[in-house]
Amino acid sequence: MSINRQVLTLDEFTLQQLRNFPSATGELSRLLRDIGLASKRVNVEVNKAGLVDILGDHGTTNIQGEEVKKMDIYANNQLIGVLKHGISCAGIGSEEMDEIEIFDDEISNQSKYVCLFDPLDGSSNIDVNVSIGTIFGIYKRVSPLGSPCTIEDFLQPGNRQVAAGYVIYGSSTMLVYATKRGVNGFTLDPQIGEFTLSHPDIKCPPTGRIYSVNHGNFFQYSEGVRNYINICQKKDKSNGGPYTQRYIGSMVADVHRNLIKGGIFTYPGTIDKPKGKLRLLYECNPFAFIVEVAGGKATNGKDRILDIQPTELHQRTPFFVGSVDMMAELETCLEIDK
Ligand code: AHG
């Protein structure tokens with residue numbers, strides 16, 4: 001096997017970044033490596049999902065009242081395991097758990113970071129072999145080092161994230177993460193079992209032709225959202241179109257595609273669920289951070305997602321994210337709802 005030494009692995013890349021900051025402790029690099037390790041384990045099981053008796057419902061419901069699949073629990077346990085045994089994380093919050101888990105031990109109490117994650121987003125798609133993903137956001141804790149972390153460490157606005165990322169288990173497996181300095185994507189090389197830098201310095205094109213929305217909810221949306229969807233449908237060559245509607249039902253896959261190709265992803269509130277479905281802390285904040293660093297924009301229809309002060313762990317929010325020019329057109333339409 002010939003090895004291309006021009007290609008950096010995730011570890012090599014994060015260490016190279018570290019060299020630019022001689023005072024850095026390397027804790028964030030280790031945390032990213034830990035998440036990479038957990039996601040490789042999840043990837044192995046996701047790839048076997050059609051073969052082994054891991055498919056199907058676990059028979060319980062999570063705090064959101066949704067059906068929990070076995071793989072959700074497996075992914076959750078893998079992430080907790082690596083982060084608990086690592087030395088960089090003081091505690092975690094997970095979409096699958098009612099409360100935060102505080103790693104109250106001597107080493108974890110000295111750790112700078114806490115992590116919030118959705119261990120397996122789009123898990124209702126596992127049974128039908130559609131891409132799914134893991135989403136995470138990392139925050140520097142506000143509680144004093146040397147003590148157990150607290151709920152305040154987790155209820156920080158998304159603009160305080162030091163890093164955020166996702167793993168997409170798709171036709172290939174990719175880990176994409178952002179710090180304030182840029183967004184980089186790593187594809188898992190199955191031959192060496194390492195994430196390797198494949199998409200350096202990702203930028204979200206300022207405009208695109210893809211809009212992602214659940215059309216089934218059309219008559220549940222506000223007038224502004226319906227107007228925007230109508231505009232998307234009427235686009236033609238004369239005004240930047242035609243547009244294409246793409247909606248997988250797995251946000252990681254939908255936003256990943258739009259990030260690379262340019263586009264807009266929306267999960268608006270509905271008459272039945274004014275706050276929509278997506279969770280601010282586990283899903284929206286990480287993607288808002290990643291897309292903004294890449295040059296795009298993310299709002300709840302009124303305010304910047306990253307400036308929302310969370311009040312509860314599992315809070316939901318309408319979510320609009322994507323290319324800046326498309327977001328601007330959406331915002332004009334949403335004026336009518338204010
Ligand atoms: P789940 O993890 O329960 O499968 O939810 C997936 C999320 C998100 O990834 C996706 O964009 C959205 O829910 C799809 O919801 P709808 O089916 O309501 O459109």
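This tour goes through a predicted model, starting at the ligand and then moving to the salt bridges.

**The ligand and its shell**

**Polar atoms at the ligand**

Select D121 and look at its side chain. A polar atom there lies 2.6 Å from an oxygen atom of the ligand. Move to G122, where a polar backbone atom is 2.8 Å from a ligand oxygen. Then select N214, which has a polar side-chain atom 2.8 Å from an oxygen atom of the ligand. Taken alone, the ligand exposes 470 Å², and the protein buries 83% of that.

**Salt bridges**

Leave the ligand and turn to charged side chains.

Select E101 and K84. Their side chains form a salt bridge, with the closest N and O atoms 2.8 Å apart. E101 belongs to strand 4 (residues 101–102) and K84 to helix 3 (residues 70–85), so this pair ties together parts that are 17 residues apart in sequence. With a relative accessible area of 36%, K84 is partly exposed.

Now select R279 and E95. In this salt bridge the closest N and O atoms are 3.3 Å apart. R279 sits in the loop between strand 13 (263–267) and helix 7 (280–293), and E95 in the loop between strand 3 (89–94) and strand 4, so the pair ties together parts that are 184 residues apart in sequence.

Are these two residues buried or exposed? R279 is buried, because its relative accessible area of 2% is under 20%. E95 also counts as buried, at 4% relative accessibility.

E95, R279 and E283 are linked in a network of salt bridges.

For the last stop, select helix 6 (residues 251–261) and find R257 and D254, both of which lie in it. They are 3 residues apart, about one turn of the helix. Their side chains meet in a salt bridge of 3.0 Å, N to O. Both R257 and D254 are buried.

Conventions
Residues numbered from 1 in each chain as written. Predicted model: local features only at pLDDT ≥ 70, side-chain atom pairs only at ≥ 80, totals over all residues. Heavy atoms only, no water. Polar contact = N/O pair within 3.5 Å; in protein donor to acceptor, adjacent residues only side chain to side chain. Areas by Shrake-Rupley, 256 points an atom, 1.4 Å probe, with all protein chains shown as cover. Salt bridge = Lys/Arg side-chain N within 4 Å of Asp/Glu carboxyl O. Helix = DSSP H or I, 4+ residues; strand = E, 2+ residues; numbered from the N terminus. Buried < 20%, exposed > 50% of the residue type's maximum accessible area, 1.4 Å probe, protein only.
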